Amino acid sequence: MVSPIYLIVITLGAAFLLGLLSERRTELAHFITVLALAAGGLVSFGWLWIMAAEGASAVEIYTAGTKPPFAINLRVGLPEAALLLLIYLTGLMSAIHMKDMLLRKGRRAMAVLLIAIMALAGIIMTRDIFNIFVFFELVAISTGGMVLLSDDPRALSAGIKYLIIAQVISILLLVGIIFTYQATGSLNIDFMKTPELALGGGGTLAFFLLLVPLLVELKPFPANGWALDIYQSAHPAFSAILSAATGSAALFAVDKIMDIGGASWGPVLTGVGLLSFVVSNILALVQKNDRRLLGYSSVAQTGLILAVVGQRELLGESYLFIAGGLLIGHAVAKAGLFYLSDLVKGRMLTNWADLRRNPLLVFAFATFIAMLSGLPPFPGFYAKWELVHALMASGKTGLVVLILFGAILEAGYLFRWFGYLMKRPQSNTPGTLPLRGVLVTMAAALAGWLAAYIWGELSGYDNLLSQTALLFALGFLLIDWFPAKLKNTIAIAGMLAFFWQSYTGYDPIQMIFGIIILVGGAVILLASYHERGQRIGFYPSALLMFAGLAMLIVAEQSFQFFAAWEVLTLGSYFLILRGKNAEPHALSYILFSLAGAFAIIAGFALAAQGQAGFKITALADVAADLAPWVFILLAIGFMTKTAVIGLHIWLPGAHAEAETDVSPMVSGILLKAGLFGIIVLLSNMGSPELYGVKLTYVMLWIGALTALMGNLMAAFQEDAKRLLAYSSIGQMGYAIFGLALMNHLGWLMALMFVINHYIYKSMLFLSVGGVAKRTGTKLMYKMGGLITLMPLSFFVVLIGIIAVSGVPPLSGFGGRWMFYNAILDSENRLPMIIIFISGPIAFLYLFRLIHAIFLGQLKDEHRKLKEPSFWIMVPQVIYVVLLLAFAVLPGMALQKVDTFLNGMFPEGGLNWDGLLITSDYGYWSPVWIMVVTGGIFAAVFMLLLAINRKAQKVKQFNIVYSAERPYRPETTHFAWNFFAPYRKAIWFLLLPIATRFWGGITEALHATAGFMRRFYTGDAQHYVFHLLGFVVGLYLILLGVQ
Amino acid sequence: MTLQNIAMSTGFILILIGLYGAMTHKNILRMIVGFTIAGTGTNLVLIAVGYLPGRAAPILNAAVPIETASATIVDPVPQALVLTAIVIGLGVTALMLAFAYKIHATKGTLDISKLTDLKW
């Protein structure tokens, strides 16, 4: 292999060679530049390969023919090789990306670029602290030059600010170097380690002065105003270098000199890093300029990695895996986003909407924000998992809270941005996207996927990118140009085949969920046949969600469970965002979900206590003092997904604004993920007590209140899909209540609920959605009288609401029957009463669906409507058949589950005697109920028909309105504000307290950010003051802590 | 007070004077002068650290035979560092002057407090 010294030689040599060229041979000069960077990348890759794949040990390069400490030595080990590759590839891609600019500025600019990359490589390789200083100065000078490669005239002032700060840094660094030299007698890192330089030793100040300038190179808050200005005004391809390459080199420099100072300085790094991470993410919330936002995000990410560097003793062997995972995620994603920003004309975040003309770029953007947010399958996900586990195991809960808080803020602005990209209006003069820029961006995105695969292989867990389900979903990215109908067939076939292949391994509970997810999902997908065209993006998202769900129910280890959880969250987010007005709702969905996921990861980490490959069944063995906390964290996570009261505000919008065939997926199927989590939690952990309170008792109350409030709020909706969405909140409340009863019938009821809710909610969402598609509105008071035009839809909704409301003869009644039996088994009377009350409230809203949509007067503009399209009706008919079958033969699904539950709750099971089901309190005979109810119905119906003969037919318009057209026409509609009297009576229950609460938090954060960022006045001298204040302040804090 | 202490204190005083100048003067040229002064102070500090009283300059010739050099010369490393630092300082100063020139050419001012179009 070529000696690494040639990295320096090639790059520097090429820079000199450029000087010999004629001014006009710019194409040649650019070719030489690209060639040199590519050669550097190749050499780095060669070393990385030798180190990683063949296990070679680090190589030393002795300069001046003498061994250290008498001459400078360079070293290339595994981390060095990886970072060198990162730096050279970033340099290469940036050089290609900004070719036009480089050609315009000529060979000098290219030489400066080469020098910058060479200097960064030097920082990585050298073991000499003065050499680090020299290379940093070279970086400073070349950065000063590269900033000017921008069309933005403000780059000039950003450049001078940077140089001013660089001067201060260099003074501090020199003083620090000379005093550490005095204290240790060497400039070579490997010879400088002495206890005196440990925090609190005699050389504390000397090492502090060495460390702080390097920290400032990482642009920590508050000494980072200059960096943000550069990010905002420089050429984005250069910002990519500054963020990905320079940031990595500076981090590695800090990591190296930590060898000198020792672990006692770790907390300093962690403190500085976390402060930057949290504050920069807050400040980014109000940022509207894309590049400055990326600047804030860069600063934040670097801070997070710095915090990890500070914990490297604690992390031990996994340090490189974690820090590397975060670093690669940050570097690739940030470089990619900067490249993308060059393809966008305007500088507002909303201008990024133009990018969605090219699905490839949308894919790239999604890749980048998933990488930054630490979502699977990217390296940051594995790193986050390991990091949180290590920190929780050593009791550093505070750090975990800060990290997760910062991470949710970051996810907030990143996913909001994605929402802008997908939903905001595009500009009128889009122009063409330059092919070179698109290619470079795609290369970055692919590099991200490659890194994802590598980290999966390194992780010690099953590589997520080798999971069949996930690969099947991702495969749809490759065939996304196929027509939608073909992809739909492939999707349905795939899901059924997957089920066929895996069902033998399911236990009865998994079987229920498996059938609902895979077979049920396939049934809903039948409705998707109504879509024409390509429907780009739908299938990868939907299948990602289904893959996550399928992986969730078979997960054995906590890691698999959590990975599946994140996958289904991400997939469903993309799916929900497809709805026309879904932008804000999808955002709140993903934020609540991610926050819930953070609770889950913290819970698992707390339970695992550092144990690798923690099995979910081991939750049963968690130490008694930790168990309640683990329970609470996990329960919060799962109940966020089922939208319990207080955490529910994301659900109505997300479910109601989704596309017609998406609503049933996210309501009928996705919600069950949360229930499955609760089932797993309760079946393994039982009911731990905290301060003498049984936690399942708390859950019981939460379930009861959710059922009551969900139903109440549903009753006052005007929007039919929102009504169904609120109804889901209530229904999930019932299920949680049933599970929290912790008895046999409660669980059986909850599982029956899982099936029932899937069937009737999917059915209702499809029929209401289908009607809404025809009428063009979801508001019920704008409909009416549709029974004659859409009799089939009417029939489906009728069956659906009979099933939901739990009256005989349909399966809802069975659920109720078991439910009341379960309650009789339990001692908790008060929440029981609440549950009883919420029952009748369900009638209130269900009645409105039939009444407002199908009965009453037909609207004039609806006169020519027909039934919803054939394919939307197909699954509905299937559901009607299923409902009737399930009503007559509930045993076919439940008997096995009943037996299975005997393992957990031996008492209180049901007796299954043919078609007769008996409990301790009574019996239920589904067939007889069907017959009797049918008989009564038929009798009444005949009677009505007989009476009806005497009725006089009146045409719709044989009445006359003599008044003017009312100002708000809906006020004259009988279905508008239907339950106004009830609203008057219980208005206090309907106050949007949760919405206000979460809104208040969001506003407070934004206001803080708006206020705090004024701190960056833009004045270079203020920035110098910030820097010195940071140095002095940090030192004073250190003195104080000692 | 030894020569070493005088040199080191002078160095630190120069650094402080330089930084004070750079932070109080709005004119970019004056700021550059401030940083140059501070840079000189830094170099002085470096030299002072390597100085050993009563020893000769680290130049090996007839007066300083190579065998006894380690006991008779001052530490050469800081001096080498200073040489490098001076060269780098020259480069950075030149670049800053170039920036100052360009800023004056495009914006017609050298007042640093007027260059606040990037902020927040």
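Two residues are counted as in contact here if their C-beta atoms, placed from the backbone, lie within 7 Å. On that basis, in this predicted model, the contact between the chains takes 37 residues from chain A and 34 residues from chain B. On the side of chain A that touches chain B, the elements giving two or more residues are helix 6 (129-147), helix 7 (155-184), helix 9 (225-233) and helix 39 (1020-1041) of chain A. Helix 7 of chain A supplies the largest share of that side, 15 residues. By class, the residues of the side of chain A that touches chain B are 21 nonpolar, 10 polar and six charged.

Chain A itself is divided into domain 1 (1-127) and domain 2 (467-940). The C-alpha centres of domain 1 and domain 2 of chain A are 56 Å apart.

Helix packing can be followed through helix 21 of chain A. Two packed helices are described by the angle between their axes and the distance between the axes. Helix 20 (residues 484-502) of chain A packs with helix 21 of chain A at an angle of about 160°, and their axes are 9 Å apart. Angles over 145 degrees count as roughly antiparallel, and helix 20 and helix 21 of chain A are therefore roughly antiparallel to each other. Their crossing is left-handed. From helix 20 of chain A, A:Asn488, A:Ala491, A:Ile492, A:Met495, A:Leu496, A:Phe498 and A:Phe499 meet A:Gly514, A:Leu518, A:Val519, A:Gly521, A:Ala522 and A:Leu525 of helix 21 of chain A. This contact has 10 nonpolar, three polar and no charged residues.

Helix 21 (residues 508-527) of chain A also crosses helix 27 (residues 662-685) of chain A, at roughly 165°, with the axes coming within 10 Å. That angle makes helix 21 of chain A roughly antiparallel to helix 27 of chain A. The crossing of helix 21 and helix 27 of chain A is left-handed. Helix 21 of chain A contributes residues including A:Ile509, A:Phe513, A:Ile516 and A:Gly521 to the contact, while those from helix 27 of chain A include A:Pro664, A:Gly668, A:Lys672 and A:Phe676. The residues of this contact divide into 10 nonpolar, three polar and one charged.

Chain A also holds an open sheet of three strands in the order 5-6-7, with antiparallel pairing. Strand 5 (911-913) and strand 7 (923-924) of chain A stand at the edges with a single partner strand each, so one side of each has no neighbour in the sheet. Strand 5 of chain A is joined to strand 6 (residues 916-918) of chain A by three bridges, and the two run antiparallel. In strand 6 of chain A, A:Thr918 is the bridge partner of A:Asn911.

Notes: Residues are numbered from 1 along each chain as its sequence is written. Chains are lettered from A and ligands numbered from 1 in the order in which they are written. This is a predicted model: local features need pLDDT of at least 70, side-chain atom pairs count only at pLDDT 80 or more; totals for chains, interfaces and linings use all residues. Domain bounds come from an automatic or database domain assignment. Helices (H or I, at least four residues) and strands (E, at least two) are DSSP runs, numbered from the N terminus. Ala, Val, Leu, Ile, Met, Phe, Trp, Tyr, Cys and Pro count as nonpolar, Asp, Glu, Lys and Arg as charged, and the others, Gly among them, as polar. Axes are lines fitted to C-alpha atoms, for helices over the stretch in contact, and angles run from 0 to 180 degrees between N-to-C directions. Angles under 35 degrees count as roughly parallel, over 145 as roughly antiparallel, 65 to 115 as roughly perpendicular and the rest as oblique. A crossing is left-handed if the near helix is turned anticlockwise from the far one by less than a right angle, and right-handed if clockwise. Two strands pair if DSSP finds at least two bridges between them.
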